[in-house]
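Dear colleague,

Please find the structure below, handed over for your records.

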Amino acid sequence: MVVTTMLTYIFPPPLSLFVTAMSVISFTSAANLGLSELRGKHLHYSKFWNSGSKTSAAKKIKLSSRTGMLIAYNPAFLASVASFLLYPQENIRILLLCSALTIHFFKRIFEVLFVHNYSGGMSLDSVLPISLSYFLSTATMTYAQYLTQGFPEPSVDLKYLGCLLFLIGISGNFYHHYLLSKIRSKGDKDYKIPKGGLFGLVICPHYLFEIVGFVGISLISQTLYAFSFTIGSALYLIGRSCATRRWYLSKFDYFPKNVKALIPFVL
């Protein structure tokens, strides 16, 4: 019954040990990182780049945020571009998926180079797992999609709804990144409470729209791997956004208590 219902919305899982293993690894590793964020053990970037004891922070190899983020995003971008060459674009779904992933990581790199106004650093021991995770997830998602070619389409076609959600997600994410870039003048390293857009309701609207974009990619793909990656990523971003809200509450006495972490009026 459950399997039959699932197959209404997703392709049958491919007979690939690699894709099956990556589905489990992507979900569990991202979900575990989300729990770690809630427990105060953070990936070292943005405002948490030097979190932890002073002794451990001193031993970390520090990169500039811009360098670190470029290392994090470029391999995944190259993997998404390579997917156009590696896999025959025999149907619209795989073309849409490869295009969405390429646009997603191109936007990330564009923001790193021309939008974000960084104030901290990034430790190498966080850059490398983030970079590897994005690369493997992109490579696995496109490969899993390639393996579905020749399979019957799911009974419920969600790819065009996925395109809509992807565009909403990527646009909302970019807009709130732009707002974040404008709250400090050039050379100003101090954090301020963000304003505008949905910042009056949640402290991490850029994460909310990132999740919407990932949901869109999953609906374009309609593979088990894409959904496992998206759910795991959402759990990580929930943990990170809650940690971010706690950080603002500890730093600013006047931080409005009604501003939630991620979902307006809820979380």
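H6 provides the largest share of the lining of the second largest cavity, namely 4 residues. Please note that this is a predicted model.

**Cavities**

The structure contains 2 cavities of 30 Å³ or more. The second largest cavity holds about 50 Å³ of space. Its lining consists of Leu101, Phe105, Tyr134, Ser137, Thr138, Met141, Phe214, Ile217 and Phe229. At least two residues of this lining come from each of H5, H6 and H8.

The largest cavity has a volume of about 70 Å³. Around it lie His104, Lys107, Arg108, Phe166, Gly169, Ile170, Asn173, Phe209, Glu210, Gly213 and Phe214 as lining residues. In this case H5, H7 and H8 each contribute at least two residues. The lining of the largest cavity divides into 4 nonpolar, 4 polar and 3 charged residues.

In the whole structure, the search finds 6 salt bridges. Another of them joins Arg93 to Glu153, with the closest N and O atoms 2.5 Å apart. This pair links distant parts of the chain, 60 residues apart: Arg93 is in helix H5 (residues 92–114), whereas Glu153 is in the loop between helix H6 (124–147) and helix H7 (159–181). Arg93 also meets Asp157 in a salt bridge, at 3.2 Å from N to O. Because Arg93 lies in H5 and Asp157 in the loop between H6 and H7, the pair ties together parts that are 64 residues apart in sequence.

The accessibility of these partners is as follows. Arg93 is buried, with a relative accessible area of 1%. Glu153 is partly exposed, at 40%, and Asp157 is likewise partly exposed, at 39%. Through shared partners, salt bridges join Arg93, Glu153, Asp157 and Lys159 into one network.

With kind regards

Technical notes. Residues numbered from 1 in each chain as written. Predicted model: local features only at pLDDT ≥ 70, side-chain atom pairs only at ≥ 80, totals over all residues. Heavy atoms only, no water. Salt bridge = Lys/Arg side-chain N within 4 Å of Asp/Glu carboxyl O. Buried < 20%, exposed > 50% of the residue type's maximum accessible area, 1.4 Å probe, protein only. 1 Å grid on protein atoms, 1.4 Å probe; cavity = no way out; pocket = protein on both sides within 12 Å on 5 of 7 lines; lining within 4 Å. Points joined across faces, edges and corners; volume = space filled by probe spheres on them. Nonpolar A, V, L, I, M, F, W, Y, C, P; charged D, E, K, R; others polar.
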